[in-house]
Amino acid sequence: GEVGGSAPQKQTMPSVEDYKNPQKDYELPVIPKSILNKLNKSTKPVILKKDIIEKNKNHHPDVNIEDYNQILEEGIYRADIVFKTKQNDDYYNFVHYDDKYHPQVLVELSETKNNYSLTLRAKPQRLAPFPILKSILFAL
C-alpha cells in the first residue's frame with residue numbers, strides 16, 4: 001500500500017503484512033444484518049484503525065498476528081453472543097463459541113459516528129460464563 005494513505009481499504013480483510021506494518025485504516029466487511037437488527041443498529045462501514053492495530057500488538061503480544069483475521073471473522077461475522085460490560089457506553093463484545101477457543105472482538109457501535117470501529121481485544125480463550133450472563137444482549 002501507499003505510505004501515509006488515509007483512505008480505508010475497501011471491505012477486505014487486511015493481510016498479515018498489513019498487520020505487521022499498518023499504513024492506514026482498513027474498512028472491513030459490514031456486520032451481518034441479522035446481528036445489527038437484534039441490536040437495533042443500522043448498517044455502517046466497519047473500520048479497523050491503524051492505531052488500534054498497533055495498540056493491539058503492544059497490549060496483546062500473546063495473540064499471533066497470523067490469527068487476527070480468524071479472530072475478526074469468527075468474532076464478528078460468526079458471533080454467537082453479543083454482550084455489554086457497561087450499560088452506558090457504545091461498546092459491544094462480539095463472541096464466537098467453538099470447542100476450543102472463543103474469539104472475542106470489542107466493537108464500538110456508535111449512533112453518532114459515521115462508522116463502527118473495533119478492537120481485537122481478547123485473545124481466543126475460554127470465557128468465564130458468569131459475568132457474561134448478566135449483561136448478555138442476545139444469543140444467535
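Tyr68, Asn69, Ile71, Leu72, Glu74, Gly75, Ile76 and Tyr77 are the buried residues of helix α4; buried means under 20% relative accessible area, exposed means over 50%, and partly exposed lies in between (1.4 Å probe, protein chains only). With eight of its ten residues buried, α4 (residues 68–77) is largely enclosed by the rest of the structure.

A few words on how to read this. This is a predicted model, in which local features need pLDDT of at least 70 and side-chain atom pairs count only at pLDDT 80 or more, while totals for chains, interfaces and linings use all residues. Residues are numbered from 1 along each chain as its sequence is written, and side-chain values use heavy atoms, with hydrogens and water left out.

**The chain as a whole.** The protein chain has five helices and seven strands, in the order α-β-α-β-α-α-β-β-β-β-α-β. Helices (H or I, at least four residues) and strands (E, at least two) are DSSP runs, numbered from the N terminus. Of the 140 residues, 44% are buried. Taking contacts with a separation of 6 or more, 53% are between residues 24 or more positions apart; a contact means heavy atoms within 4.5 Å.

**Strand β4 and its partners.** Strand β3 (residues 81–83) runs antiparallel to β4 and is joined to it by three bridges, with isoleucine 81 partnered by valine 95. On strand β5 (residues 104–108), β4 pairs in the antiparallel sense over five bridges; two strands pair if DSSP finds at least two bridges between them. Asparagine 93 lies in β4 and has leucine 106 of β5 as its bridge partner. Asparagine 93 is buried, at a relative accessible area of 0%, and its side chain makes a polar contact with the side chain of glutamine 104 at 2.8 Å. Here a polar contact is a pair of N or O atoms within 3.5 Å; within protein, one must be able to donate a hydrogen and the other to accept it, and residues adjacent in sequence count only if both atoms are side-chain atoms.

**Salt bridges.** The count comes to four salt bridges, each being a side-chain nitrogen of Lys or Arg within 4 Å of a carboxyl oxygen of Asp or Glu.

Glutamate 111 is partly exposed at 47% relative accessible area, whereas lysine 41 is buried at 13%. Arginine 78 is partly exposed at 46%, and glutamate 74 is buried at 12%. Lysine 113 is partly exposed at 40%, and glutamate 108 is buried at 10%.

**Where to be careful.** The mean pLDDT of the chain is 80, and 77% of its residues reach 70 or more; pLDDT is the predictor's confidence in each residue, from 0 to 100. Confidence is highest in helix α1 (residues 16–20), at a mean of 94, and lowest in helix α5 (residues 129–135), at 47. Over residues 126–134, pLDDT stays under 50. Where pLDDT is low, the predicted coordinates should not be read in detail.
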